[in-house]
Amino acid sequence: MNGKTAAGTLLIVIGSLAVLQLFGIKFGYLVGMLMPLILIGLGILGWCNQKKVIGGTLIVIGAILLMMKLSGLFMWIIAIGLLVAGYSVLKSGGNRTYR
């Protein structure tokens, strides 16, 4: 993809997001989730092109942003895991003998 094609595509995407927002369709959350992934992708691209400092920095920043966005999901997973572990301890608690 050359520079003109990339610029044209970017302008079309930004314009269509603006038009959809006028109709009440909002993509704020989706764009917020895509930005960390874009940073990670650019970091990987930089890392592959021998720009290890810039690539590594972008990967770390993107990963931190993505973890912040997914922190609620991580808490749900941890809570469900604790519930399942507690249930399995209670269910098999009477069958064990300790010496």
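This is a predicted model: local features need pLDDT of at least 70, side-chain atom pairs count only at pLDDT 80 or more; totals for chains, interfaces and linings use all residues.
First, the overall layout. The protein has 4 helices and 0 strands, and its elements run α-α-α-α from the N terminus on. Helices (H or I, at least four residues) and strands (E, at least two) are DSSP runs, numbered from the N terminus. Of the 99 residues, 10% count as buried, where buried means under 20% relative accessible area, exposed means over 50%, and partly exposed is in between (1.4 Å probe, protein chains only). As for contacts (heavy atoms within 4.5 Å), 32% of those between residues at least 6 apart in sequence join residues at least 24 apart.

Now to helix 2. Helix 2 covers residues 28–48, 21 residues in total. From its first C-alpha to its last, helix 2 reaches 30 Å, close to the 30 Å expected at 1.5 Å a residue; the expected span is 1.5 Å times one less than the number of residues. The buried residues in helix 2 are Gly-32, Met-33, Pro-36, Ile-40, Gly-43 and Gly-46, and what covers them includes helix 3 (52–69).

The loop between helix 2 and helix 3 holds Gln-50. Gln-50 is not a glycine, yet its phi is positive, at about 65°. That is worth a second look, because most residues other than glycine have a negative phi. Gln-50 counts as exposed because its relative accessibility is 61%.

Back to the packing. Two packed helices are described by the angle between their axes and the distance between the axes. Helix 2 and helix 3 pack at an angle of about 160°, with their axes 7 Å apart. Axes here are lines fitted to C-alpha atoms, for helices over the stretch in contact, and angles run from 0 to 180 degrees between N-to-C directions. The crossing is left-handed, that is, the near helix is turned anticlockwise from the far one by less than a right angle (clockwise would be right-handed). On the helix 2 side, residues making the contact include Leu-37, Leu-42, Ile-44 and Trp-47, and on the helix 3 side they include Lys-52, Gly-55, Gly-56, Leu-58 and Lys-69. The residues of this contact divide into 14 nonpolar, 6 polar and 2 charged.

Ile-54 sits in helix 3 and counts as exposed because its relative accessibility is 55%. Its C-alpha is separated by 9.7 Å from that of Ile-44, 10 residues apart along the chain. Thr-57, also in helix 3, counts as partly exposed at 39% relative accessibility; the C-alpha atoms of Thr-57 and Leu-39, 18 residues apart along the chain, are separated by 9.4 Å. Leu-65 belongs to helix 3 as well and is partly exposed, with a relative accessible area of 33%. Leaving aside its neighbours within four places in sequence, Leu-65 is in contact with Pro-36 and Leu-39. Between Leu-65 and Ile-40, 25 residues apart along the chain, the C-alpha separation is 9.9 Å.

Note on methods. Residues are numbered from 1 along each chain as its sequence is written. Side-chain values use heavy atoms; hydrogens and water are left out. Ala, Val, Leu, Ile, Met, Phe, Trp, Tyr, Cys and Pro count as nonpolar, Asp, Glu, Lys and Arg as charged, and the others, Gly among them, as polar.
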